[in-house]
Amino acid sequence: MKKVLIPTKLNPAVKAMLENTGNYTAVIAEGDIAALAKEHSDAWAMIVRSEKVTPEVIDAMPSLKLIVRAGSGFDTINTKYARSGIIRTSQTPMNVPATAMGISSNETLRFARSSWPSCSTSCRA
């Protein structure tokens, strides 16, 4: 199973939906994102809201392949640095219900999983 780190407050339905697929273990933890990245360095994906995803955070997670922003825009994610390490980035706008957000996040994870590493640059967010 692949670990998904959620270092932010999100509806618990997101965690449940990810885990109900049988493919993911979701960890919801609050605190300093750099410390959480080191603690959960084996995470395959991360779902963030307003947390700053810096090169330090990315480097602390060598297994990281996907960063999902639960919101619109990438202003809190250093996408250039992430993509230089072949990490996919995606966003899920917050104006959708929490359930749909969970499904979208799960589908984003499934897409990356099924197409990795053959996904071309055209499918990057």
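These notebook entries record what I looked up in the structure.

**Setting up.** I am working with a predicted model, in which local features need pLDDT of at least 70 and side-chain atom pairs count only at pLDDT 80 or more, while totals for chains, interfaces and linings use all residues. Residues are numbered from 1 along each chain as its sequence is written, and side-chain values use heavy atoms, with hydrogens and water left out.

**Salt bridges.** I looked up salt bridges, taking one to be a side-chain nitrogen of Lys or Arg within 4 Å of a carboxyl oxygen of Asp or Glu, and I found three of them in the structure. I began with Lys 3 and Asp 42, whose closest N and O atoms are 2.8 Å apart. This pair links distant parts of the chain, 39 residues apart, since Lys 3 sits in strand 1 (residues 2–6) and Asp 42 in the loop between helix 2 (33–39) and strand 3 (45–48); helices (H or I, at least four residues) and strands (E, at least two) are DSSP runs, numbered from the N terminus.

For accessibility I used relative accessible area, with buried meaning under 20%, exposed over 50% and partly exposed in between (1.4 Å probe, protein chains only). Lys 3 is buried at 18%, whereas Asp 42 is partly exposed at 44%.

I then turned to Lys 15 and Glu 19, a salt bridge whose closest N and O atoms are 3.6 Å apart. Both residues lie in helix 1 (residues 12–20), four residues apart, about one turn of the helix. Lys 15 is partly exposed at 28%, and Glu 19 is partly exposed at 29%.

I also noted the bridge between Asp 75 and Arg 69, with the closest N and O atoms 3.1 Å apart. Here Asp 75 is exposed at 62%, but Arg 69 is buried at 11%.

**Nonpolar cores.** Which residues touch the most other members of the largest nonpolar core? With a core taken as a set of buried Ala, Val, Leu, Ile, Met, Phe, Trp, Tyr and Cys residues joined through side-chain atoms within 4.5 Å, I found that they are Leu 5, Met 46, Val 48, Val 53, Val 57, Met 61 and Ile 67, out of 20 residues. Helix 2, strand 3 and helix 3 are the elements that give two or more residues to this core, and the largest share, four residues, comes from helix 2.

I followed Met 61 through its contacts (heavy atoms within 4.5 Å): not counting residues up to four places away in sequence, Met 61 touches Leu 5, Ala 37, His 40, Ser 41, Ala 43 and Met 46.
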